[in-house]
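Colleague: I would like to go through this model feature by feature. Please give the general idea each time, then the case at hand.

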Amino acid sequence: MKKMLDKYIMYTRKILSNNSNILKHIALMWGGMVDFMIFGSTVTDYFELAFYKKKHYEKKGYMTWRDSRKFSYIVDTQEKMSFYIDKKNMYTKLSNWLFREQLFCLDCTYEDFMTFIDNTNGEFIYKPAYENSGRGIELVKCKSQDTRKLYNSLVNRDGILEGIIKQHETLDKICSCSVNTVRIFTLKINSSINFIGACLRIGNGNSIVDNYSNGGYVAAINIDSGKVIDGIENMYGERIYEHPYSGFSMNGFVVPKWEEVLLFVNKMAINFDLNYVAWDIAIRENDCVLVEANPRGMVNTIQVAGNGGKKEKY
């Protein structure tokens, strides 16, 4: 309950002015409760999908938390989803698609760690095994650090160490502080892969992560062409057409190597155990790499920034 109230306060502070009267707050809260009962929308859904602005018939076209949860349990078993929520299991299964150095903290010796440092030039990413939305991700630089102390600080943490991904030059121009990834939702039916929707996730310029729910931006992508549909949008529904950090214009932007991205995802999806997956893909100058495969990923990211509701795709 406290988390829900904290989220409500966070969103309303952005949406309502400081001098808004209590009736507006009550109306928003009441609307959120009604929509939860009717559509299964969480506080996050209610504000990110702008349900408070939409008519009843419009809301029917969107996948909510309840819809997504129900659908995922129909197409995949809870056992499989729980298994792959642990990033170590996911990365082990999909190791052929990573194309970078990786080390599991709980399993590594000091010698393994030193080899990893040498192979990554002393700079790497730490990410927790079970967290999501970019929480807990750290950029680690070994320069001037005692490597034994650093190893001891990491070895008992349930996490993963990864080499840094150098992204495509075009994506780096948008925001160089983060690796800006493509998220693609797929559904496997009888060995055929259906592309449900896609978006480009972009950092805000002040963080190493690109997650929408962690201050980043989302650009809806036309799945056929790889073209951005209508600017970029943050979690508060604020849509802009130039990145606030770089000034890069998103008008008419086409994701580089788009056909290669789709082929890459298709090959992984066919060979993966889960049927319904949200794939996070980084695009490098000459190829693509898997960042993460998410069971029951955050579907809101492909329903904002001009993309519209995707319920008909399910």
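Modeller: Start with S178, which is placed in the loop between α10 (169-174) and β5 (182-189). Helices (H or I, at least four residues) and strands (E, at least two) are DSSP runs, numbered from the N terminus. The model is predicted: local features need pLDDT of at least 70, side-chain atom pairs count only at pLDDT 80 or more, and totals for chains, interfaces and linings use all residues. Residues are numbered from 1 along each chain as its sequence is written, and side-chain values use heavy atoms, with hydrogens and water left out.

Colleague: Is S178 buried or exposed?

Modeller: Buried means under 20% relative accessible area, exposed over 50%, and partly exposed in between (1.4 Å probe, protein chains only). S178 counts as buried because its relative accessibility is 3%.

Colleague: What does the side chain of S178 reach?

Modeller: A polar contact is a pair of N or O atoms within 3.5 Å; within protein, one must be able to donate a hydrogen and the other to accept it, and residues adjacent in sequence count only if both atoms are side-chain atoms. Here the S178 side chain reaches the backbone nitrogen of G203 at 3.3 Å.

Colleague: How many bridges join β2 to β3?

Modeller: Four bridges join β2 to β3 (residues 138-141), while β2 (residues 123-128) and β4 pair over five bridges. Y126 has L161 as its bridge partner in β4 and E138 as its partner in β3. L161 is also the bridge partner of L103. F124 is partnered by G163 in β4 and stands opposite V140 in β3.

Colleague: Which residues of β4 lie on each side?

Modeller: In a regular strand the side chains alternate between the two faces of the sheet. For β4, G159, L161 and G163 are on one side, I160 and E162 are on the other, and all are buried. As for β2, five of its six residues are buried, so the strand is largely enclosed by the rest of the structure.

Colleague: Where is I232 placed?

Modeller: I232 is in strand β8 (residues 232-233). It counts as buried because its relative accessibility is 0%. Beyond its neighbours within four places in sequence, I232 is in contact with residues including I202, Y217, H243 and M250. Its C-alpha atom is separated by 27 Å from that of L5, 227 residues apart along the chain.

Definitions and conventions:
Contact means heavy atoms within 4.5 Å. Two strands pair if DSSP finds at least two bridges between them.
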